[in-house]
Amino acid sequence: MKQYKRPVSVLVVIHTRDLQVLLLERAAHAGYWQSVTGSQEEDEPLLTTAIREVGEETGIQVRAEDLLDWRLSNCYEIFAEWRHRYAPGVLHNTEHVFSLLLPAAQPVTVAAEEHLRYCWLPWREAAAKCFSWSNRDAILMLPERMSVH
């Protein structure tokens with residue numbers, strides 16, 4: 001029996017205090033840049049999904065207290081080319097936003113099957129480089145989120 005992806009995911013914006021943002025270039029789509037993203041597995045808590053995805057996609061090991069849950073979710077239509085990963089008739093995904101503040105930009109180890117390379121960019125440049133509107137919008141909210149926390 002085919003195992004379908006759950007239409008529930010996390011977006012983790014990794015950044016520094018001076019708002020340098022980590023972006024990853026998708027292996028399947030050169031030129032498509034994004035923050036850490038990934039689907040929830042079974043009934044995994046979203047925080048656990050975020051911790052797992054950060055580790056898998058960057059090699060950065062984090063604890064629950066390192067992540068900030070924005071209590072923000074976005075619903076978007078799944079790109080047609082990726083719908084085969086989901087159960088028939090599933091057209092939308094709900095993405096939950098988190099962030100991770102690091103003391104400084106640092107080298108990361110990308111998952112070769114998922115990403116080609118990474119870069120650290122000032123937040124406005126990072127937002128402009130993202131292919132996903134929800135990722136762009138989250139990065140543009142960073143200064144406001146930083147002032148609250």
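Colleague: Where does UniProt place the feature "binding site"?

Modeller: Before that, note that this is a predicted model, where local features need pLDDT of at least 70, side-chain atom pairs count only at pLDDT 80 or more, and totals for chains, interfaces and linings use all residues. Residues are numbered from 1 along each chain as its sequence is written, and side-chain values use heavy atoms, with hydrogens and water left out. UniProt positions are in the numbering used here, with feature names shortened, and annotations may be inferred rather than shown by experiment. According to the unreviewed UniProt entry, the "binding site" positions are K5, R26, T37 and S132.

Colleague: How much space lies in the largest pocket?

Modeller: Grid points are joined across faces, edges and corners, and a volume is the space filled by probe spheres set on the points. For the largest pocket that gives about 890 Å³.

Colleague: And which residues that line it are the closest to its centre?

Modeller: The lining has 37 residues. Closest to the centre of the largest pocket are K5, T37, S39, R85 and Y86.

Colleague: Which element gives the largest share of that lining?

Modeller: Helices (H or I, at least four residues) and strands (E, at least two) are DSSP runs, numbered from the N terminus. Two or more lining residues come from each of strand 1, strand 4, helix 1 (46–58), strand 5, strand 6 and helix 3. The largest share, four residues, is from helix 1.

Colleague: Back to T37: which residues does it touch?

Modeller: T37 sits in strand 4, residues 36–39. Contact means heavy atoms within 4.5 Å. Not counting residues up to four places away in sequence, T37 touches V10, L11, E53 and E57.

Colleague: Is S132 buried or exposed?

Modeller: S132 is in the loop between helix 2 and helix 3. Its side chain makes a polar contact (a pair of N or O atoms within 3.5 Å, where one must be able to donate a hydrogen and the other to accept it, and residues adjacent in sequence count only if both atoms are side-chain atoms) with the side chain of S134, at 3.1 Å. Buried means under 20% relative accessible area, exposed over 50% and partly exposed in between, with a 1.4 Å probe and protein chains only. At 18% relative accessibility, S132 is therefore buried.

Colleague: Which residues have the most contacts inside the largest nonpolar core?

Modeller: A nonpolar core is a set of buried Ala, Val, Leu, Ile, Met, Phe, Trp, Tyr and Cys residues joined through side-chain atoms within 4.5 Å. The largest one has 18 residues, and helix 2 gives the largest share, three residues. Those with the most contacts inside this core are V13, V21, L23, A126, A138, I139 and L142.

Colleague: What about H84, which residues is it in contact with?

Modeller: H84 belongs to the loop between strand 5 (67–77) and strand 6 (92–102). It counts as exposed because its relative accessible area is 51%. H84 and Y4 are 80 residues apart in sequence but 8.4 Å apart in space, C-alpha to C-alpha. Leaving aside neighbours within four places in sequence, H84 is in contact with K2 and Y4.

Colleague: What is the phi of L19?

Modeller: L19 lies in the loop between strand 1 and strand 2, and with a relative accessible area of 11% it is buried. It isn't a glycine, yet its phi is positive, at about 65°.

Methods: On a 1 Å grid over the protein atoms alone, a cavity is a set of points where a 1.4 Å probe fits but cannot get out, and a pocket is an open set with protein on both sides within 12 Å along at least five of seven lines; lining residues have an atom within 4 Å of a point.
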